Amino acid sequence: MYRFNPPPEWPELPTDGWRPPPGWEPDPEWPDAPDDWGFWVGRTGRPVSGPLGVFGSVDAGRLELAVIDPSLVLMHA
């Protein structure tokens, strides 16, 4: 189970279980997250890579590339 972990000074989540939908980006007026901020935490509260393709997850960039050029999926498999 992953939980979205918003940075300090971002608005509170609408609900405890809220997750950013695919393609979601934070409001550009919000302050930047601290360097190396862990946007996702696991059951123990420790940082995790997050669900594939969702904002702040480690693999989000790979999914974006795959959508742009499906042949890149094989390169990252």
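1. The S57 side chain comes within 2.8 Å of the backbone oxygen of V54. That side chain also reaches the backbone oxygen of P51, at 3.1 Å. Polar contacts here are pairs of N or O atoms within 3.5 Å; within protein, one must be able to donate a hydrogen and the other to accept it, and residues adjacent in sequence count only if both atoms are side-chain atoms.

2. The model is predicted: local features need pLDDT of at least 70, side-chain atom pairs count only at pLDDT 80 or more, and totals for chains, interfaces and linings use all residues. Residues are numbered from 1 along each chain as its sequence is written, and side-chain values use heavy atoms, with hydrogens and water left out.

3. S57 sits in the loop between β2 and α1 (60-68). Helices (H or I, at least four residues) and strands (E, at least two) are DSSP runs, numbered from the N terminus.

4. Is S57 buried or exposed? It counts as buried, because its relative accessibility is 8%. The cut-offs are under 20% relative accessible area for buried and over 50% for exposed, with partly exposed in between (1.4 Å probe, protein chains only).

5. Setting aside neighbours within four places in sequence, S57 is in contact with W40, S49, G50, P51 and L52. Contact means heavy atoms within 4.5 Å.

6. E9 is not a glycine, yet has a positive phi of about 70°. E9 lies in the loop between β1 (3-4) and β2 (40-41). E9 counts as exposed, because its relative accessibility is 69%.

7. D36, also in the loop between β1 and β2, has a positive phi near 60° and is a residue other than glycine. D36 counts as exposed at 82% relative accessibility.
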